[in-house]
Amino acid sequence: TVEVAPRGAKPGIITTETVKVTANVTGLDYARRLVSLKGPEGNTVTYKVDPSVKDFENVKVGDELVLRVTEALAILVEPGK
């Protein structure tokens, strides 16, 4: 998704991208709510799991998870000081 500033407004842009990724659980820290995942390209990333995720305690090392990851970027032009 891409959104630009309305006509007459200062230039700016907001863009978001959502991708679906399948990853394997390689590590867990239940106390700190951290999960380490190995992605399809072999890279490993550790994420903090939001408290709203109720089934976190049921996740085990070796499980395969399907994630929906959204990245956003916003650029806004403001006058200098």
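Which side chain meets Glu57 in a salt bridge?

Hello everyone. What you see above is a predicted model, where local features need pLDDT of at least 70 and side-chain atom pairs count only at pLDDT 80 or more, while totals for chains, interfaces and linings use all residues. Residues are numbered from 1 along each chain as its sequence is written, and side-chain values use heavy atoms, with hydrogens and water left out.

Let's begin with the strands. When I say strand, I mean a DSSP run marked E of at least two residues, numbered from the N terminus; helices are H or I runs of at least four. Two strands pair if DSSP finds at least two bridges between them. Strand E2 takes part in several pairings. E1 and E2 run antiparallel and are joined by three bridges, with Glu3 standing opposite Ile14 in E2. E2 also pairs with E5, again antiparallel, over 13 bridges; there, Val21 has Leu67 of E5 as its bridge partner. Then E2 and E3 pair in the antiparallel sense over five bridges, and Asn24 sits opposite Lys38 in E3. E2 and E3 make a hairpin with four residues between them, and Arg33 in the turn has a positive phi of about 55 degrees.

Now back to my opening question. The partner of Glu57 is Arg33, at 3.4 Å from N to O. This pair links distant parts of the chain: Glu57 is in the loop between strand E4 (44–48) and E5, Arg33 is in the loop between E2 and E3, and they are 24 residues apart. A salt bridge here means a side-chain nitrogen of Lys or Arg within 4 Å of a carboxyl oxygen of Asp or Glu. Side chains of opposite charge can pair when their charged atoms come close.

Is Arg33 buried or exposed? Arg33 is buried, because its relative accessible area is 15%. The cut-offs are under 20% for buried, over 50% for exposed, and partly exposed in between, using a 1.4 Å probe and protein chains only. Glu57 counts as partly exposed, at 42%. Arg33 also has contacts, meaning heavy atoms within 4.5 Å; leaving out residues up to four places away in sequence, they include Tyr47, Pro51 and Phe56.

By this rule there are two salt bridges. In the other, Asp29 meets Arg32 at 3.7 Å, N to O. Asp29 is partly exposed at 24%, whereas Arg32 is exposed at 53%.

Next, the inside. The largest nonpolar core has seven residues: Ala23, Val25, Val35, Leu37, Val49, Phe56 and Val59. Strand E2 (12–29) and strand E3 (34–38) are the elements giving two or more residues to this core. A core, by the way, is a set of buried Ala, Val, Leu, Ile, Met, Phe, Trp, Tyr and Cys residues joined through side-chain atoms within 4.5 Å. Not counting residues up to four places away in sequence, Val25 touches Val35, Leu37 and Val59, among others.

Finally, strand E5 holds Ala74, which is exposed because its relative accessible area is 59%. Ala74 and Ile14 are 60 residues apart in sequence, yet 4.3 Å apart in space, C-alpha to C-alpha. Beyond its neighbours within four places in sequence, Ala74 is in contact with Ile13 and Ile14.
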